[in-house]
Amino acid sequence: MQKIFFKTFGCRTNIYDTELLKSYIKDYEITNDEEVADIVVINSCTVTNSADSGVRNYINGVKRRGAKVILTGCGAVSKGKELFASGIFGVLGASKKSDLNELLKQEKPFFELGNLNSVDKNIVTNYENHTKAFIKIQEGCNFNCSYCIIPSVRGRARSMDEAMILKEARILAQNGYNELVLTGTNIGSYGKDTNSSLGKLLANLGKISGIRRIRLGSIEPSQIDESFREILKEEWLERHLHIALQHTSEAMLKIMRRRNNAFSDLELFNELSSLGFALGTDYIVGHPGESEEIWAEAVENFKKFPITHLHAFVYSPRRDTHSATLKSDVSGDVAKARLKVLQGIAFKNNENFRKKHNGALKILVEQKNGDFYEGFDQFYNKAKISSQNDITKEWLEVSEYEIKPDANYAKI
């Protein structure tokens with residue numbers, strides 16, 4: 001029997017999709033050792049140029065080993081034709097996931113992109129090598145941000161069936177997964193097409209026996225409605241929210257064609273911070289139009305936000321986006337320097353947050369890394385734990401620990 005290996009790039013949604021792809025394999029042996037694989041399925045990311053480069057470099061390595069390459073994920077749409085022409089064995093679109101086994105059995109090259117309006121029918125019931133489980137609740141995005149390619153490779157927003165989501169969550173909880181991570185292209189849009197909402201879904205998920213913590217992927221400021229506010233004090237909701245700002249200059253947000261407003265964003269962040277939430281965000285520096293004046297305004301505003309976690313990166317032009325047509329007027333060195341400024345502010349904010357919220361930490365231990373076991377607490381802060389026992393996959397409540405700049409340290 002031929003061996004097949006799955007390689008995942010990018011976001012949590014891709015982690016979910018890879019597990020779903022595995023569930024369709026019937027006539028091949030799934031291996032965790034890519035060196036012995038006859039076939040390598042690459043679930044790709046195309047959000048930045050560096051993401052494309054990473055996938056391409058990996059493909060070249062697989063081809064040198066002589067294995068067949070199957071490309072799926074976002075890169076299948078944006079780079080599929082080009083890479084198929086370069087000699088990879090197959091390209092598989094999101095709507096064709098369930099056909100993977102049969103396409104491989106035909107033993108001839110295939111290019112099957114399908115469409116961008118499907119929703120998954122199967123569910124994932126197990127996650128190998130993961131302490132937490134991911135549930136995809138929706139697919140696609142209706143936003144039209146000027147820099148983003150993702151709506152064109154994931155399609156418009158559509159929600160998964162709520163009954164299926166709840167069934168999936170119940171099975172995962174029965175299988176021992178006490179922490180669920182909700183994921184999707186734009187999860188805050190969940191329910192817009194089904195007369196529901198993210199808040200209502202969360203309320204129902206929170207009722208499932210065995211679920212101790214629910215984490216969320218990125219949501220938009222405009223998507224925090226009253227149904228979401230109603231569940232903010234629930235114990236099972238992680239005390240960390242990741243809310244995508246992308247920038248803190250009002251002028252820059254307009255250039256980016258964003259739907260959020262810097263001033264109302266600040267009110268929202270202060271509201272959530274007053275409830276004890278750690279707050280993360282996405283941020284792009286160096287986008288065309290980010291003049292010295294706009295940058296100065298952005299930094300001053302950024303300092304006012306209680307941001308404790310930051311996913312920031314330098315702007316990367318994506319073909320077929322509006323931003324790619326704009327004149328690039330920020331040098332790479334300047335953009336990198338600006339990035340470091342924001343990272344420094346958020347890093348200090350995080351340490352101050354941990355000093356202020358210094359009560360008992362509820363930690364799910366994920367792995368051993370060197371001398372320490374590592375996991376994340378209810379605020380999505382890393383904890384490093386010294387223990388003589390194997391505490392992997394255990395839930396711990398730790399009251400005594402040392403707060404250091406990079407993490408909280410404990411000994412049990």
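**Notebook: cavities, a pocket and some strands**

**Entry 1. The second largest cavity.** I began with the residues that line the second largest cavity, which are Ser44, Cys45, Asp52, Val55, Arg56, Gly75, Lys79 and Leu83. The model I am reading is predicted. I noted about 60 Å³ of space in this second largest cavity. I then looked up which elements each supply at least two residues of its lining, and found helix H2 (49-65) and H3. Sorted by class, the lining of the second largest cavity has 3 nonpolar, 2 polar and 3 charged residues.

**Entry 2. The largest cavity.** How many cavities of 30 Å³ or more are there? I wrote down 4. The largest cavity holds about 100 Å³ of space. It is lined by 13 residues, and those closest to its centre are Thr72, Gly73, Cys74, Ala94 and Arg154. Two or more lining residues come from each of H1, strand E4 (68-73), helix H3 (74-85) and helix H5 (150-154). I sorted the lining of the largest cavity into 6 nonpolar, 4 polar and 3 charged residues.

Entry 3. Next I looked up the second largest pocket, where about 290 Å³ of space lies. Its lining has 14 residues, and Phe6, Thr8, Thr18, Glu19 and Lys22 are the closest to its centre. Which elements give two or more residues to the lining of this pocket? I found strand E1 (3-8) and helix H1 (12-23). The lining of the second largest pocket divides into 4 nonpolar, 6 polar and 4 charged residues.

**Entry 4. An open sheet.** I turned to an open sheet of 3 strands, which I recorded in the order E12-E13-E14 with parallel pairing. Strand E12 (240-242) and strand E14 (309-314) are the edge strands, as each pairs on one side only. From one strand to the next, the twist averages 15 degrees. I then looked at strand E13 (residues 278-285) and E14, which run parallel and are joined by 6 bridges. Here Gly280 stands opposite His309 in E14. I also found a helix on this sheet: H12 (residues 332-356) lies across E13 and E14. Helix H12 runs at about 175 degrees to E14.

**Entry 5. Strand E15 and its partners.** I looked up two pairings of strand E15 (residues 361-369). With strand E18 (residues 395-398), E15 runs antiparallel, and 4 bridges join the two. In this pair I located Lys362 opposite Glu397 in E18. With strand E16 (residues 372-376), E15 pairs in the antiparallel sense over 5 bridges. Asn369 has Phe372 in E16 as its bridge partner. How many residues lie between E15 and E16 in the hairpin they form? I noted 2 residues, and Gly370 in the turn has a positive phi of about 70 degrees.

**Entry 6. The whole chain.** I ended with the chain as a whole. Its secondary structure comes to 12 helices and 20 strands. The C-alpha atoms fill a box of roughly 60 × 55 × 45 Å along the principal axes. I checked the radius of gyration against that of a compact globule: with 412 residues, such a globule would have a value near 22 Å, and the chain has 22 Å, so the two agree.

Notes
Residues numbered from 1 in each chain as written. Predicted model: local features only at pLDDT ≥ 70, side-chain atom pairs only at ≥ 80, totals over all residues. Heavy atoms only, no water. 1 Å grid on protein atoms, 1.4 Å probe; cavity = no way out; pocket = protein on both sides within 12 Å on 5 of 7 lines; lining within 4 Å. Points joined across faces, edges and corners; volume = space filled by probe spheres on them. Nonpolar A, V, L, I, M, F, W, Y, C, P; charged D, E, K, R; others polar. Pairing = 2+ DSSP bridges. Axes fitted to C-alpha atoms, helices over the stretch in contact; angles between N-to-C directions. Contact = heavy atoms within 4.5 Å. Rg over C-alpha atoms; globule rule 2.2 N^0.38 Å.
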